[in-house]
Amino acid sequence: MTTAIATPAATWTKLKDGTWGVRAPAGVAPGDRLVVTTKGGKTSTGTVAKVLWTGTAKDGRPASLVSVASDRKEPLSLG
């Protein structure tokens, strides 16, 4: 069993296709489990399905945009 990685500033974001993804620090890879924080401070975990983009964020830090899947084998829901 793998443990979730508590990533600083891993937050939910809406992707162009309408699904939810995660903005995370650079260096995450498919299969990594992330602890993601909502704007309200709640946390959930998700598994990185695919790294969609890696580069420099607007604030100058290295970052990645990833798609995620829940451990229940269905898309994560924020509702």
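Which side chain does Asp 17 join through a polar contact of 2.6 Å? The partner is the side chain of Thr 19. Keep in mind that this is a predicted model.

**The loop around Asp 17**
- You'll find Asp 17 in the loop that links strand 1 (5-14) to strand 2 (20-25).
- Asp 17 counts as exposed because its relative accessible area is 59%, and the cut-off for exposed is over 50%.

- Strand 3 (residues 33-37) and strand 4 (residues 43-56) run antiparallel, with 5 bridges joining them.

**The largest pocket**
- The volume of the largest pocket comes to about 320 Å³.
- It's lined by 16 residues, and the closest to the pocket's centre are Arg 23, Ala 57, Asp 59, Arg 61 and Ala 63.
- Strand 1, strand 2, strand 4 and strand 5 (62-69) are the elements that each give two or more residues to this lining.
- Strand 5 supplies the largest share, with 4 residues.
- Sorted by class, the lining has 9 nonpolar residues, 3 polar ones and 4 charged ones.

Definitions and conventions
Residues are numbered from 1 along each chain as its sequence is written. This is a predicted model: local features need pLDDT of at least 70, side-chain atom pairs count only at pLDDT 80 or more; totals for chains, interfaces and linings use all residues. Side-chain values use heavy atoms; hydrogens and water are left out. Buried means under 20% relative accessible area, exposed over 50%, partly exposed in between (1.4 Å probe, protein chains only). A polar contact is a pair of N or O atoms within 3.5 Å; within protein, one must be able to donate a hydrogen and the other to accept it, and residues adjacent in sequence count only if both atoms are side-chain atoms. Two strands pair if DSSP finds at least two bridges between them. On a 1 Å grid over the protein atoms alone, a cavity is a set of points where a 1.4 Å probe fits but cannot get out, and a pocket is an open set with protein on both sides within 12 Å along at least five of seven lines; lining residues have an atom within 4 Å of a point. Grid points are joined across faces, edges and corners, and a volume is the space filled by probe spheres set on the points. Ala, Val, Leu, Ile, Met, Phe, Trp, Tyr, Cys and Pro count as nonpolar, Asp, Glu, Lys and Arg as charged, and the others, Gly among them, as polar.
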